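Could you walk me through how this chain is packed inside and how one of its sheets is put together?

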Amino acid sequence: MSARELTVAAIQCPLGASREDNIARVEKHVRAAAAQGARVVLPPELFEGPYFCREEKSDWFAEARSLEEDEAVARMREVARELGVVIPVSFFERAGQAYYNTVALVDADGALLGTYRKSHIPDGPGYEEKFYFRPGDTGFRAWRTRHGTVGVGICWDQWFPESARAMMLLGAELLFYPTAIGSEPHEPDLDTRDPWQRAMIGHAVSNVVPVIAANRVGDEGGQVFYGSSFVADARGDKVAELGRGDEGVAVATFDLDVLARTRAAWGFFRDRRPELYDAIGTGDGHTKR
């Protein structure tokens, strides 16, 4: 059987500068990852500026762009076309009177395959996203790119096993999570780094799929982002990882054909019992009346 190998990468960097500087910084890392053979390269969440959701300020709405106008999307389309890489591009989307936390999926020829709008929107000290974003209306998606079928969740989505399972049922061969997560302003001693990684590693194990997570680093107004971007294999082993303050790329290679056979052999999808899962489709655990 022929191998279908795919090299992937997660970008980790500080993102507190101007829009132009941040796009240029991410582009530099996309090029570095491509030079190491990566064909799907994941930047962090909302990489065009600082993580503005730390507090509620109406001025930030002026930074939102339509899909057609967004500078990062436009530049990454050019880079993807030049390098032959797939790039999930996270941006602050304005759509009419609505605002979303969105990923545009750029294929290896620069084509836009569409968008995914973040489904789960957090609301808490330092992460006040409900002020800015409507809950996504696209549903979960799996994108058939030139380099394999990928699922992309956005940050808070990563804590929900339902998101990962939905993307897998739609055909995803790898799961990608652009994120922006770090210290908790209301509880300075709380360190969520390990649970954050473990939640996504659980998705890798229970779906027999690699998981790729990209985070930012640095101090943005007292909120310190802890990096720790990583790639986990289908066993849940971290095969590439960056430290809490590192800047760079985490790169790993997988054989998608071997993964497909292994996934089938484990039987998780064979032994699912969706007819028994009515409670998952409700808010309070009771079947619909």
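This is a predicted model: local features need pLDDT of at least 70, side-chain atom pairs count only at pLDDT 80 or more; totals for chains, interfaces and linings use all residues.

Residues are numbered from 1 along each chain as its sequence is written, and side-chain values use heavy atoms, leaving out hydrogens and water.

A nonpolar core is a set of buried Ala, Val, Leu, Ile, Met, Phe, Trp, Tyr and Cys residues joined through side-chain atoms within 4.5 Å; buried means under 20% relative accessible area (1.4 Å probe, protein chains only). The largest such core holds 31 residues, and Phe92, Phe133 and Leu175 have the most contacts inside it. Among the elements that each supply at least two of its residues are helix 3, strand 10 and helix 4, with helix 4 giving the largest share, four residues. Helices (H or I, at least four residues) and strands (E, at least two) are DSSP runs numbered from the N terminus. Another core, of 29 residues, lies apart and includes Val150 and Leu256.

Now for the sheet, where strands pair if DSSP finds at least two bridges between them. Three strands form an open sheet in the order 3-4-5, with antiparallel pairing. Strands 3 and 5 are at the edges with a single partner strand each, so one side of each has no neighbour in the sheet.

| Strand | Residues |
|---|---|
| Strand 3 | residues 87–95 |
| Strand 4 | residues 98–106 |
| Strand 5 | residues 112–117 |

Nine bridges join strand 3 to strand 4, and Glu93 stands opposite Tyr100 in strand 4.

Key. Buried means under 20% relative accessible area, exposed over 50%, partly exposed in between (1.4 Å probe, protein chains only).
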